[in-house]
Every structure is written in structure tokens, then in C-alpha cells.
Amino acid sequence: MSDTTTTTTTTERAPSVYVPSAEALATVLAPGARPPRPSALGASLTFGWRAMLKIKHVPEQLFDVTAFPIIMVLMFTYLFGGALADSPRDYLQFFLPGIMVTSVVMITMYTGVGLNTDIEKGIFDRFRTLPVWRPAALVGMIFGDVLRYILAALVILGVGLALGFRPDGGVVGVAVGIGLLVVFSFAFSWVWTFFGLVLRSEKSVMGVSMMVLFPLTFLSNVFVEPSTMPGWLQAFVNVNPVTQLVAAVRAAMAGSSDPSSTMWLLAWSAGFLVVFGTLTMYRYNRR
């Protein structure tokens with residue numbers, strides 16, 4: 001008797017399975033057609049905006065594009081100006097386009113550092129599951145960094161003008177010079193995105209970046225003319241992409257042009273973009 005009662009009670013308490021009706025499902029699901037997939041440009045700009053929001057929440061990230069360039073300009077102008085020219089102000093006319101290039105090119109390494117950090121946190125694994133153009137996360141990240149490059153260039157220009165720098169090319173020449181610098185920096189950033197995917201930690205990315213950037217920036221025409229260097233060193237300096245970039249930017253700001261350097265600059269930029277952009281996407285899709 002008790003067994004029968006227990007079985008009956010257990011049966012009565014068993015939960016029933018609810019099957020929603022078609023009308024109930026219709027009220028929950030969104031009516032109409034599925035929204036269109038975002039375009040490649042739209043998705044990239046969205047991820048670029050994400051990079052801007054990161055700066056908003058962590059404003060210390062702007063230190064490398066504000067305080068660092070100012071320190072570089074002041075230190076090298078007054079350290080080398082009296083020895084290499086009649087006065088720091090005279091040296092600044094030659095030096096400022098070069099230090100602008102040096103500062104912005106060195107900032108590009110943070111693209112790889114930031115990418116490596118996001119990968120270690122698992123953020124990019126989420127991005128890869130989204131129904132958007134696959135490279136959008138990487139392209140958008142570099143779009144966000146382009147604003148950092150422009151800001152750094154403007155900060156250096158402002159400090160230079162305050163110290164006495166007067167570009168003969170005027171506003172147009174300065175705009176052309178900064179434009180060439182941004183084009184090269186955008187292409188060069190793909191080198192660091194590849195390293196950010198390949199290397200295991202952000203410290204490794206930063207260490208490798210410094211090993212590459214220091215020879216490129218210091219063994220160039222940033223501080224002195226290559227003609228004052230030994231012949232064996234000139235052979236490297238003359239083919240250095242930073243040398244071509246500095247010569248093109250310096251000519252634009254002086255109100256003239258350097259077709260040879262500009263051509264080589266654009267060729268280097270295309271090479272970096274094609275080679276390292278391809279390697280980056282290959283690695284990113286198979287990570």
C-alpha cells in the first residue's frame with residue numbers, strides 16, 4: 001500500500017515538458033528579414049572606434065605620443081644642436097622632420113604589443129566568431145593607431161614651432177610630409193602585427209621591436225648627413241627605408257620634393273603591406 005502511494009506521489013510531482021506554440025515563438029523572435037552583414041569598411045571602422053575607446057578608459061596610453069616626442073625633441077636639439085650646427089635653432093631646421101619620423105616609427109611597435117596583449121586575454125578569439133570580415137579586427141586596430149601617429153606628429157610639430165622651427169613649405173608642405181609619414185607607418189605596423197601573433201609575450205614583441213627599430217632609426221640621416229659617415233656605413237644608410245622616409249618628409253616640409261626618395265618610400269610601404277599583411281592574415285586564420 002505504501003509503495004503504491006509513493007509511486008503515485010512521485011508521478012504526480014514529475015515536471016511536465018512545455019512545448020511553446022507558434023504564436024509564442026513569433027512574439028519572441030525578431031520579425032522580418034535578418035539584418036545585412038556589415039561591410040568590410042564598416043566593421044574595420046567599428047574596431048577602430050574600439051581602439052579609441054581603449055584610450056579613453058586608459059589615457060596613460062597617450063604618454064608615448066605626447067611626453068615621449070617632447071622629450072626627444074628637447075633632448076636631441078639641445079644636446080647636438082651646438083655641436084653639429086651654429087645653434088640649436090639652426091640645427092632644428094634640419095633635425096625636426098627626422099625626429100618626427102623617428103618618434104612615430106618607434107610608436108608603431110605598440111601595435112604588435114597591443115595585439116599580443118589582446119590575444120593573451122582571449123579577446124581575439126571572440127572577434128573571430130563574429131559574422132564580420134575576418135581581417136576587420138586587425139585593420140581596425142591599425143586604423144585606431146593611425147590617429148596616434150598623427151597626434152604624435154602634431155605634438156612634435158607644435159614643440160618645434162615653439163622652439164623656432166619654420167618650414168618653408170608652409171601648411172601644404174607640412175601636411176604632405178605628415179601624410180607620407182602616416183602612409184609608411186600604417187604599412188610598417190603590419191610588421192609588428194605579425195610579430196604580435198608569432199611571439200608568445202608582449203615583452204618578447206617589445207624586445208624584438210627594439211632590436212629592429214634602433215638600427216633603422218639611428219643608422220639613418222635623422223641626426224647628420226650620410227656624407228659625413230664612413231663609406232661602409234653609408235651603404236646601409238642609403239638603402240635604409242627610414243632614410244628614404246626622412247628625405248621625403250624633409251623635402252616636403254622645405255617646400256621642395258625628392259622624387260627618388262618618395263618613390264622608394266612608397267615601394268617600401270607597399271612591400272611591408274603585401275608581405276607582412278599576407279603573413280599576418282595567414283597566421284591569424286590558422287592560430
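Colleague: Which helices do the buried residues of α3 pack against?

Modeller: The buried residues of α3 pack against α7 (123-127) and α8. Packing is judged by contact, which means heavy atoms within 4.5 Å. This is a predicted model, in which local features need pLDDT of at least 70 and side-chain atom pairs count only at pLDDT 80 or more, while totals for chains, interfaces and linings use all residues. Residues are numbered from 1 along each chain as its sequence is written, and side-chain values use heavy atoms, with hydrogens and water left out.

Colleague: Which residues of α3 are buried?

Modeller: They are A43, S44, F47, G48, A51, M52 and I55. Buried means under 20% relative accessible area, exposed means over 50%, and partly exposed lies in between, with a 1.4 Å probe and protein chains only. Over the protein, buried residues make up 43% of the 287 residues.

Colleague: What makes G160 count as buried?

Modeller: G160 has 0% relative accessibility; the cut-off is under 20%, so G160 counts as buried. G160 is found in helix α8. Leaving aside residues up to four places away in sequence, G160 touches L92, L96 and F165. The C-alpha atoms of G160 and Q93 are separated by 8.8 Å, although these residues are 67 apart along the chain.

Colleague: How do you know that the span of α6 agrees with its number of residues?

Modeller: The expected span is 1.5 Å times one less than the number of residues. For the 13 residues of α6 this should give 18 Å, and the end C-alpha atoms are 19 Å apart, which agrees. Helix α3 (residues 40-57) has 18 residues and reaches 26 Å from its first C-alpha to its last, close to the 26 Å expected.

Colleague: Which residues of α6 are buried, and which helices do they pack against?

Modeller: The buried residues of α6 are M109, T111, G112, V113, L115, N116, D118 and I119. They pack against α3, α5, α7, α8, α9 and α10. Just after α6, G122 takes a positive phi of about 85 degrees.

Colleague: At what angle do α6 and α8 pack?

Modeller: Helix α6 (residues 109-121) and helix α8 (residues 136-163) pack at about 140 degrees, with their axes 10 Å apart. Axes are lines fitted to C-alpha atoms, for helices over the stretch in contact, and angles run from 0 to 180 degrees between N-to-C directions.

Colleague: Why is α6 called oblique to α8?

Modeller: Angles under 35 degrees count as roughly parallel, over 145 as roughly antiparallel, 65 to 115 as roughly perpendicular, and the rest as oblique. The angle of about 140 degrees falls among the rest, which makes α6 oblique to α8. The contact is made by Y110, T111 and L115 of α6 and L138, M141, I142, D145, R148 and Y149 of α8.

Colleague: How many residues of each class are in the contact of α6 with α8?

Modeller: There are 6 nonpolar, 1 polar and 2 charged residues. Ala, Val, Leu, Ile, Met, Phe, Trp, Tyr, Cys and Pro count as nonpolar, Asp, Glu, Lys and Arg as charged, and the others, Gly among them, as polar.

Colleague: What makes α5 and α10 roughly antiparallel?

Modeller: The axes of helix α5 (residues 88-107) and helix α10 (residues 202-218) come within 10 Å and cross at roughly 165 degrees. That angle is over 145, and α5 and α10 are therefore roughly antiparallel to each other. T102, V105 and M106 in α5 meet M210, L213, F214 and T217 in α10. This contact divides into 5 nonpolar, 2 polar and no charged residues.

Key. Helices (H or I, at least four residues) and strands (E, at least two) are DSSP runs, numbered from the N terminus.
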